[in-house]
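Here is a short report on one protein chain. Keep the sequence and the 3D view open while you read.

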Amino acid sequence: DFGGNKVWDGILFLAQGKFLNYWRFNTLLAYNPETISKILTRGGPLVKVPYGYEMNLGFSSDNRKPIIFSVSSGLYRRPSIGTYSLSESLGLRWKPRSNFSLSVSPGYSEYLTEYQWVRRVVEPLMTETFGTRYVFARLFQRLLSAEIRFNWIFTPKLSLQAYLQPFLAVGEYSRFKELSRSRSNDYLIYEESEATISLIEEVYSIDPDGEGPASSFSFYNPDFNYKSLRGTIVLRWEYHPGSSLYLVWTQKRSDFSNPGEFSLKRDLSSLFSASGDNVFLLKLTYRWNM
C-alpha cells in the first residue's frame, strides 16, 4: 500500500484440462506468506497475518450426456493459528430431452478462525492499540446449502421453470480476546488471563483486568443459527407473437432458533415448519405493431 505495508503476497498455480472421454478437471495450489492486514480491525491498528496455503480440485463429466456429474473440494489453512476453510460441493444434472432438465447442487463448508471481529471499546489505558480495545473471538461456522433447478419447455410458446434454495448457516463464538499491540499477532485471551467473563441472558460481560483500573464492557451473544428456504415457480405463455403472460409464485421461509447449535435433523425440521411469506405475481405484456 502507500505506507509500504505488504497487504498481499503469494504464488499461485492453476491447471485445467479435458480428457479423451470429455471429462474435465481443474486444480489450484496457492501459498501466501506472512502479510499485514489493514481491514481486520475495521480501520484500527495494522495486524500481522500468518502464512497460509490453499488447495482446490474439481472434476466434471461429459456435458454432452443426459446425466452430468461434477464434484469439487477446496481447503485453505493457516497452520500456525489453526484457521481453516473447507468447502465441498456436488452437482447432478439430468437432461433426458432437449426441452427438459433437472439439476441439484448441494454444498457444505466449514470455517474456523481465531480472529473474528466482535467490537471495539474505547479504553485510554490501551496505549499499544491507540486508546481502543479491539475484541475478537474464535468463530466456528458451518454452512449447508443446495440449489435445485427445473426447466420444462412444453412448446416454443409455453414453459415452466422452478428454483428452490434451502440454506443453513450456524456460527458459534468462543475464546474471546483482544489485540495486544499494533502490527503483531499477539492477543490477550480473556479466559486464560486475569480477566473475568460471564454470559447472562445472552449478554457477555467482560472485565479485562479483574480488579484492575480498566473499565468493563458488554455485548450481546453473537452466536447465530440462520435457516432460509426460498423458492420460485414461473409459468410463461406467449399467447401472441411478442406478447407474453407470466404467472409467478415466490415463497420465503426463515428461522433463527437455537443460535450456535448445529443439528441437521432439528434445523431442517424448523426450516420447513417455519411460517412463510408468499408473493403471487401476474405480468402481462402485449406488443403492438406500429
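## Basis

This is a predicted model. Every value below is computed from it.

## Helix α1

Helix α1 spans residues 264-273, and its buried residues are D267, S270 and L271. Down the helix axis, these buried residues fall within an arc of 100°, so they line one face of α1. The general rule is that an α-helix has 3.6 residues a turn, so residues three or four places apart point the same way.

What does the buried side of α1 pack against? Its buried residues meet three strands: β10 (158-179), β15 (224-240) and β16 (243-255). The face turned away from the buried side carries K265, F272 and S273, which are exposed.

## Nonpolar cores

The largest nonpolar core has 13 residues. Those with the most contacts inside this core are V118, Y173, F176, Y190, F217 and F219. At least two core residues come from each of β8 (100-122), β9 (132-155), β10, β13 (203-207) and β14 (217-220). Strand β9 gives the largest share, three residues. In soluble globular proteins, nonpolar side chains tend to be buried together.

Take V118 as one of the core residues with the most contacts. Beyond its neighbours within four places in sequence, V118 contacts V135, F136, A137, Y173, F176 and F219. There is also a second, separate core of eight residues; V47, I81, W117 and Y134 are among them.

## Salt bridges

How many salt bridges does the model hold? The count is 15. K38 pairs with D1, with the closest N and O atoms 3.3 Å apart. This pair links distant parts of the chain, 37 residues apart. K38 sits in the loop between β3 (35-37) and β4 (47-49), while D1 sits in the segment before β1. K38 counts as partly exposed because its relative accessible area is 42%, between the 20% and 50% cut-offs. D1 is partly exposed too, at 37%.

D255 and K227 form another salt bridge, at 3.0 Å from N to O. D255 lies in strand β16 and K227 in strand β15, 28 residues apart. Are these two residues buried or exposed? Both are buried.

E238 and R236 also meet in a salt bridge, at 3.6 Å from N to O. E238 has 18% relative accessibility, so E238 counts as buried. R236, at 25%, is partly exposed. Elsewhere, salt bridges that share partners join E114, R138, R175, K177 and E192 into one network.

Y22 is not a glycine, yet has a positive phi of about 70°. Y22 lies in the loop between β1 (11-18) and β2 (24-32) and is partly exposed, at 36% relative accessibility. R175, also not a glycine, has a positive phi of about 45°.

K283 lies in strand β17 (residues 276-284). K283 has 44% relative accessibility, so K283 counts as partly exposed. Not counting residues up to four places away in sequence, K283 touches S244, L245 and Y246.

Methods: Residues are numbered from 1 along each chain as its sequence is written. This is a predicted model: local features need pLDDT of at least 70, side-chain atom pairs count only at pLDDT 80 or more; totals for chains, interfaces and linings use all residues. Side-chain values use heavy atoms; hydrogens and water are left out. Buried means under 20% relative accessible area, exposed over 50%, partly exposed in between (1.4 Å probe, protein chains only). Helices (H or I, at least four residues) and strands (E, at least two) are DSSP runs, numbered from the N terminus. The arc is that of the directions from the helix axis to the C-beta atoms. Contact means heavy atoms within 4.5 Å. A nonpolar core is a set of buried Ala, Val, Leu, Ile, Met, Phe, Trp, Tyr and Cys residues joined through side-chain atoms within 4.5 Å. A salt bridge is a side-chain nitrogen of Lys or Arg within 4 Å of a carboxyl oxygen of Asp or Glu.
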